[in-house]
Amino acid sequence: MVKIINWNSEEYWQGIFLRNKLLKTSAGKEWIKELPVNEKQDIHMVALVEGKVVGTLLLSKRSQTVAQIKQVAIDDRYQGFGIGKQLLEFAEKIADLMNFQTIFLTGRKQAWGFYDHFGYKRIGYAYSDGQVILKKFEKRICTKNNTRRLESSNI
């Protein structure tokens, strides 16, 4: 099950643990130990299996038309089961409902093929941050909600 959760909830902290374990450690960065106040306005999503958080993703508003996907982490034991796909598709639906037109993200090298598969376009050059190689990706949202909005504005 994929759902939106509250900032600073128990499930949010389970997501922080996943992010620390999978993202911070592999990048050689310090773990998150205090509540990230800068994430309060983000939309926090998790994937649950038997009530346990096994995936997390944040959707962050960058402008009226642009959102950013960040802090995507899937528990190692649950990778390859479509959980990342479920989170990404859910985030795209929420972004569409919020009338965003573009989503961007910064993906780790090992996930580039995953983002390519879901229609994200590679932008610019790869770069290093800590111990990881990253690249920016972008996707235009052309879904029903945005199409309806565009059609009604042409009346």
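Predicted model: local features only at pLDDT ≥ 70, side-chain atom pairs only at ≥ 80, totals over all residues.
Student: Where does helix 1 run, and how many residues has it?

Tutor: Helix 1 covers residues 10–27, which is 18 residues. From first C-alpha to last, helix 1 reaches 25 Å, close to the 26 Å expected at 1.5 Å a residue.

Student: Where is the kink in helix 1 centred?

Tutor: On Asn20, with an angle of about 35°. Just after the helix, Gly28 takes a positive phi of about 75°.

Student: Which residues of helix 1 are buried?

Tutor: Start with the general idea. An α-helix has 3.6 residues a turn, so residues three or four places apart point the same way. Now the case here. The buried residues are Tyr12, Gly15, Ile16, Leu18, Arg19, Asn20, Leu22, Leu23, Lys24 and Ala27.

Student: What do the buried residues of helix 1 pack against?

Tutor: Six strands are listed by name: strand 1 (2–5), strand 2 (43–49), strand 3 (52–61), strand 4 (66–74), strand 5 (102–108) and strand 7 (132–140).

Student: Which residues of the largest nonpolar core touch the most other members?

Tutor: Met45, Leu59, Ile69, Leu87, Tyr115 and Tyr120, out of 26 residues. Strand 2, strand 3, strand 4, helix 2 (83–97), strand 5 and helix 3 (112–117) each supply at least two residues of this core. Helix 2 gives the largest share, six residues. Apart from this core lies another, of 11 residues, including Ile16, Leu22, Leu23 and Val53.

Student: What is Tyr115 in contact with, leaving aside its neighbours within four places in sequence?

Tutor: Val72, Leu88, Leu105, Gly107, Tyr120 and Phe137.

Student: Which element gives the most to the lining of the largest pocket?

Tutor: Strand 4, with seven residues. Other elements that supply at least two residues each include helix 1, helix 2 and strand 6 (121–129).

Student: How many cavities of 30 Å³ or more are there?

Tutor: The count is one. About 40 Å³ of space lies in the largest cavity. Its lining includes Ile5, Tyr12, His44, Met45 and Thr56. Helix 1 provides the largest share of that lining, four residues. Strand 2 and strand 3 each supply at least two.

Definitions and conventions: Residues numbered from 1 in each chain as written. Heavy atoms only, no water. Expected span 1.5 Å × (residues − 1). Bend = angle between axes of the 7 residues up to and from the residue. Buried < 20%, exposed > 50% of the residue type's maximum accessible area, 1.4 Å probe, protein only. Contact = heavy atoms within 4.5 Å. Core = buried A, V, L, I, M, F, W, Y, C linked by side-chain atoms within 4.5 Å. 1 Å grid on protein atoms, 1.4 Å probe; cavity = no way out; pocket = protein on both sides within 12 Å on 5 of 7 lines; lining within 4 Å. Points joined across faces, edges and corners; volume = space filled by probe spheres on them.
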